[in-house]
Amino acid sequence: MDPVYINKQTISAHLPMAECITVMEDMFRTLAKGGILQPLRTLMWLPDKTGLLGMMPAHAGGPGIMGVKVITIFHGNGATGHPSHQGVIILFDGNNGTPLMLFDAEEITAIRTAAASALATKLLANEDASTLAIIGAGEQAERHIESIPLVRPIKTIRLWGRHREKAEQLARKANLLAATNITTNSTTSNSTNITSVDPNTPKTQTSIIITDTPQQAVTGADIICTVTAAGEPVVKGEWLSPGAHLNVVGSCTPSAREVDTETILRSKLFTDRLESLFNEAGDFLIPKNEGAIAESDVRGEIGEVLTGTKRGREHPTDITLFKSLGIAAEDLYSAWHLYKKLR
């Protein structure tokens, strides 16, 4: 039988965020125990550097599966109406190589990326963290607004995007998806405060405040998520408060970064995969090339924190940072989870 293609709508219906966080926990535990083959991705840049084709394979011996994600990234697609990330994930039987199912890569990538950040937040952020800063206003900003409150009692979300109108649209969309009662108040000329009430937790209110600058969003925040296409830092270490946790998500190439060197130096640094960090992450590689940090300064992978082989946060005032590269094993386990539900 030919493998079935699973579209975005079906994936969205069958891979809810809370469920995907559990899938990511299972995957990272298995990865830390050596049960997953996870080579580096291969990137083919177009000659003019306007876009790239990425190929990301992985294999898991326990469930007997392997797969590959083939994805294109064109950050200039916003002007054309196309998504920046597009592609397919192919799931194979690891015992005989039979193709099992094909999936829309855009939707799986969007969900599993935010789910991995939520897992890192669950492991590393202070338990009472309640103020969330989102730097960026695209797809991943929306997904992190969904995922982080599932693991921490978020009361205030500060949102900054390069284009204020886009940030305002996202704030309204986030509230419309979650709320039964919505009020909009302009408390000052520089901010928009949109308050929603979740019907499942009627005693808790979450305010989304749109800020004029990244610094306004980050200063005093308990959790910071950078989800931009920036090549230069949008967050500075001098803005960080003791006890903050960062999920640095947007950049995944050696020459691009979202946080400055001081942010890295002030943080206890964790990642999804050390090999990926040491080869692909400009947020780490640029400070390393400056001589500011070494590979031995990295605390470990979040899978190692899960299995107890590495310590995570050790003190409430620690600043922790999860550098997310987005590895193929996340796609593989998400696809496998969907396959088991849909077959």
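Is the crossing of α3 and α11 right-handed or left-handed? In this predicted model, the crossing of these two helices is right-handed.

**Helix packing**

Two packed helices are described by the angle between their axes and the distance between the axes. Helix α3 spans residues 105-124 and helix α11 spans residues 328-342; their axes come within 10 Å and cross at roughly 110 degrees. Because of this angle, α3 is roughly perpendicular to α11. On the α3 side, the contact is made by I108, T109, R112 and A116. On the α11 side, E330, D331, S334, A335 and L338 take part. Sorted by class, the contact of α3 with α11 has 4 nonpolar, 2 polar and 3 charged residues.

**Aromatic pairs**

The count of aromatic pairs comes to 2. They are set out below.

| Pair | Centre to centre | Angle between planes | Class |
|---|---|---|---|
| F278 and F284 | 5.5 Å | 45 degrees | tilted |
| W336 and Y339 | 5.8 Å | 20 degrees | stacked |

The pair of F278 with F284 is tilted, with 45 degrees between the planes. F284 has a relative accessibility of 1% and therefore counts as buried.

The second pair belongs to helix α11, where W336 and Y339 both lie, 3 residues apart, about one turn of the helix. The planes of the W336 and Y339 rings are at 20 degrees, so this pair is stacked. Both W336 and Y339 are buried. Helix α11 thus holds the W336 and Y339 pair, and residues of α11 including S334, A335 and L338 make the contact with α3.

Conventions. Residues numbered from 1 in each chain as written. Predicted model: local features only at pLDDT ≥ 70, side-chain atom pairs only at ≥ 80, totals over all residues. Heavy atoms only, no water. Axes fitted to C-alpha atoms, helices over the stretch in contact; angles between N-to-C directions. Helix = DSSP H or I, 4+ residues; strand = E, 2+ residues; numbered from the N terminus. Parallel < 35°, antiparallel > 145°, perpendicular 65-115°, else oblique. Left-handed = near helix turned anticlockwise from the far one by under 90°. Contact = heavy atoms within 4.5 Å. Nonpolar A, V, L, I, M, F, W, Y, C, P; charged D, E, K, R; others polar. Phe/Tyr/Trp six-rings, centres within 6.5 Å; stacked < 30°, edge-to-face > 60°. Buried < 20%, exposed > 50% of the residue type's maximum accessible area, 1.4 Å probe, protein only.
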